[in-house]
Amino acid sequence: MTHPHAPPLLAIRGLSKAFLGVQALDGVDFTLRHGEVHALLGENGAGKSTLIKTLTGVYQRDGGTIALCGEEIAPRSVEDAQRLNIGTVYQEVNLLPNLSVAENLFLGRQPMRFGLVDRAAMRRRARVILDGYGLSIDVAAPLQRFSVATQQIVAIARAVDMSAKVLILDEPTASLDAQEVAVLFDVMRGLKARGIGIVFVTHFLDQVYAVCDRITVLRNGRLVGERRAADLPRLDLVAMMLGRELEAASHRLAQPEEIDDSRPPLVRFQGFGKTRSVAPFDLDIRPGEVVGLAGLLGSGRTETARLAFGVDRADSGSVTVDGEKTQLRGPREAVRLGFGYCPEDRKKEGIVGALSVRENIILALQARQGWLKPIPRRRQQEIADRFIRLLDIRTPDAERPIQLLSGGNQQKALLARWLATEPRFLILDEPTRGIDVGAHAEIIRLIERLCADGMALLVVSSELEEIVAYSRRVIVLRDRHHVDVLRGEDVSVERIVASIASESPPSPVPPSPVAEVRP
Amino acid sequence: MSLSLSGSTRNLPQYGALVAVLLANWLLFPDFFSIRLQDGRLFGSLVDVMNRGAPVALLAIGMTMVIATRGVDLSVGAIMAISGAIAATMTQAGWGLSAVLAASLASGLLCGLWNGVLVAVLRIQPIIATLILMVAGRGIAQLVTEGQIVTFVSPDLAAIGSGSFLTVPMPVVLTVAMLGLTALLVRMTALGLMIESVGVNRLSSAYAGVNTPVILIAVYVWCGLCAAVAGLIVTADIRGADANNAGLWLELDAILAVVVGGTSLLGGRFGLLMSVVGAAILQAMNTGILLSGFKPEFNLIVKAAVLLVVLLAQSPALTTLLPRPRGAQPIKPHPVAPKRTTP
């Protein structure tokens, strides 16, 4: 639709951005053409957010160039980006729900008449704009009366009306149901026909193939590649996102010992699930068994772990521990049952930063004993010292505030917290995230040792090699459903990737994407 | 934040400020430290400081733990008014001392329970949750006294305010007793650890199995009890209950005492004794200004200036600027780890 030699709508070259020594973007290229929907994909920490925020003026880049229609730009703020015709719509609608639809559309640029807001003109123009999106609603009604999808379209209409060249949609479908997604896609196709370039960020692969022309994949702040959607099989896409060369052989480090499947499970979840979190699943875990949870970001891995520990309460299904049906009303109940949980977000949900390593280690044990039975100081010291030695937690002494330790040592201290309670079932969510290589290997060895000691483990990890190395069984998740179970010989990186990439089975009701639960 | 300073040097600003204020008083009023025994009770300016400071010190004891959970209790002044009103009205109506004390203290516990439930169960922000009782509580006290200033004649009850035990004024005895009891309760059990843990990170604590609602309710209930004792002392002292003015604005003095004592409003580590020292600093200043013969108008400004100095002395930003004392490391603000943005 444009001259082949005309400069692309948006050309980013060699973009770099670091935060306090962490390279969030490292020489990334990105090209957006007129009238295309371009998916920007990548796992956690890939740099998608940083790229978008650099493009919209939230962050200032360290290096590289951004050219809009061949002209170099340097947006200094969100308003600046808007003036340059770069508009953004986020997952959570950034509008004012108590104001009317028309006011939201024209906020900050209301049509004026004699120095006053011309409401009639505003409503008239609002109606015209929204008609263009096939949306005939009462523009004088407060925005909050309408569905999230409608609000999303209003947000898009506002962004397009203000700055009509580049539109960034940052996970706009995360809280929409299937019909709403379809409506949104129609809107996107309409905008595309008008020559607008759309950057589309999503976790749902089905949606990528439904609406996108091109795909750019980032990983760890670097560009992995740009492909035409039609030329990129799903399997290759997943491999690009996860960074796996499919040819590369992966082997299991240690073959877990044979476990008799006929033995009764320690923990059995049946039809366990929560609407808008994870679809009901069945899961049995036996003593000495490690079960891995694999899937892309947002596939329901963390949600499964949270349900299993009672952090989120399941609204369907049952839990059986040691053959006895039981309730899982919350973490306290789970601790009483002998469960333990190391959450993904260590800082916010794991450590108690200002307290000492000793206090962090004995916290769960003390909580289980109750406040009336304090663990004597000497005993606390013994427990802390024992685990500091056993797990090789590097700290000058047990009295150091845990927030001053490195990530790996914090993680080991959290493991110590649970090991001190002698748990039967331990849930680890990304136990090796953000940990240096040495500590990484130690934690994997520790997982294997715990399993050999007869503990049951449920481990979430985005490191597939890692999962393959220690898991006896791997459960694959996609779009918040447990879609596959791999066991024995089938536990391999290739099989996991293939399973993640396989098409969702055609069904009358597509899996409904639900609100992203961010820790 | 006390990580790099040992226990003895950590509280230096508080002790230093107390000594400085007392010395200033002594300079203004050379008889400041003289204490005499009269009618089996100690008298003197220093005794007066402790005696007058008792209500705020009591409030500060309860407030310390609330603040350690990252909360605040604005209603303690109103609770004082309620407990005082109940004590005075019941005494006037002829009830015995034990019934009066029980009812008065129970009212404090109940008020604390109300606050605790709002904060822990209904998850209302503490400042708003306790604001409700701060406003309503004074109304409740006025209902109890039917809008009158209720006076009573009861030597037994009055003794709580003006009596003495082994020559020490009763309010001081009660404050020390409450301090001891509270310290015993939190440090001999695991409550102290759990209070600090909830204050630093409520989510992590809950995931570790700590019963966070119960801990939160407990600290507000105890804070209510401390306020009720303070209300009893004030009522007993003036032998009457003034629902409008009893404990008025004392919640702010109590918060100030806690902060001067070094417990952070961000929750976590707390020091009960230091909060009492903070209350003593405030009271010593009040007394000193009164003794000095300055116009009372200066009172608030001098107080504010001294407090600013004490707080600056604790400020991490300042300690990094000043030359560090031998062997001590500057307290650095916790380094903020690079935030990895989740795409």
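View 1. A:V291 stands opposite A:R473, a residue of β21(A). This is a predicted model, in which local features need pLDDT of at least 70, side-chain atom pairs count only at pLDDT 80 or more, and totals for chains, interfaces and linings use all residues. Residues are numbered from 1 along each chain as its sequence is written, while chains are lettered from A and ligands numbered from 1 in the order in which they are written. β15(A) and β21(A) pair in the parallel sense, with five bridges between them. (Strands pair if DSSP finds at least two bridges between them; helices are DSSP runs of H or I with at least four residues, strands are runs of E with at least two, and both are numbered from the N terminus.)

**View 2. Strand β15 of chain A, wrapped on both faces.** Is β15(A) enclosed or open? Six of the six residues of this strand (290–295) are buried, so β15(A) is largely enclosed by the rest of the structure. Here, buried means that 20 or more other C-beta atoms lie within 10 Å of a residue's own, exposed means 12 or fewer, and partly exposed is in between, with C-beta atoms placed from the backbone. One side of the strand carries A:V290, A:G292 and A:A294, the other A:V291, A:L293 and A:G295, and all are buried. β15(A) also pairs in the parallel sense with β20 (residues 456–460) of chain A, over four bridges. In β20(A), A:L457 is the bridge partner of A:V290.

**View 3. The whole sheet in chain A.** Stepping back, there are six strands in an open sheet, ordered β18-β19-β20-β15-β21-β22, with mixed pairing. At the edges sit β18 (339–342) and β22 (481–487), each pairing on one side only. On average, neighbouring strands are turned by 20 degrees against each other, direction ignored. β21 (residues 473–478) and β22(A) run antiparallel and are joined by six bridges. One residue pair to look for is A:I475 with its bridge partner A:V485 in β22(A).

**View 4. Where chain A meets chain B.** Here 38 residues of chain A are in contact with 29 residues of chain B (contact means C-beta atoms, placed from the backbone, within 7 Å). On the chain A side, α1 (48–55), α10 (331–336), α11 (346–350) and α12 (357–369) each supply at least two residues. The largest share, six residues, comes from α12(A).

**View 5. B:C226 and the largest nonpolar core.** Such a core is a set of buried Ala, Val, Leu, Ile, Met, Phe, Trp, Tyr and Cys residues joined through C-beta atoms within 7 Å. This one has 265 residues, and A:L457, B:L59, B:A60 and B:C226 touch the most other members. Helix α11 (residues 212–238) of chain B gives the largest share, 19 residues. Leaving aside residues up to four places away in sequence, B:C226 touches B:L58, B:L59, B:I61, B:G62 and B:M178.

**View 6. Helix α8 of chain B.** This helix (residues 170–187) has 18 residues and reaches 25 Å from its first C-alpha to its last, close to the expected 26 Å. (The expected span is 1.5 Å times one less than the number of residues.) Its buried residues include B:M170, B:L174, B:M178 and B:V186.

**View 7. B:L97 in helix α5 of chain B.** B:L97 lies in α5 (residues 97–120). Why does B:L97 count as partly exposed? Because B:L97 has 16 C-beta neighbours inside 10 Å. Not counting residues up to four places away in sequence, B:L97 touches B:D156 and B:L157.

Terms used
Contact = placed C-beta atoms within 7 Å. Axes fitted to C-alpha atoms, helices over the stretch in contact; angles between N-to-C directions.
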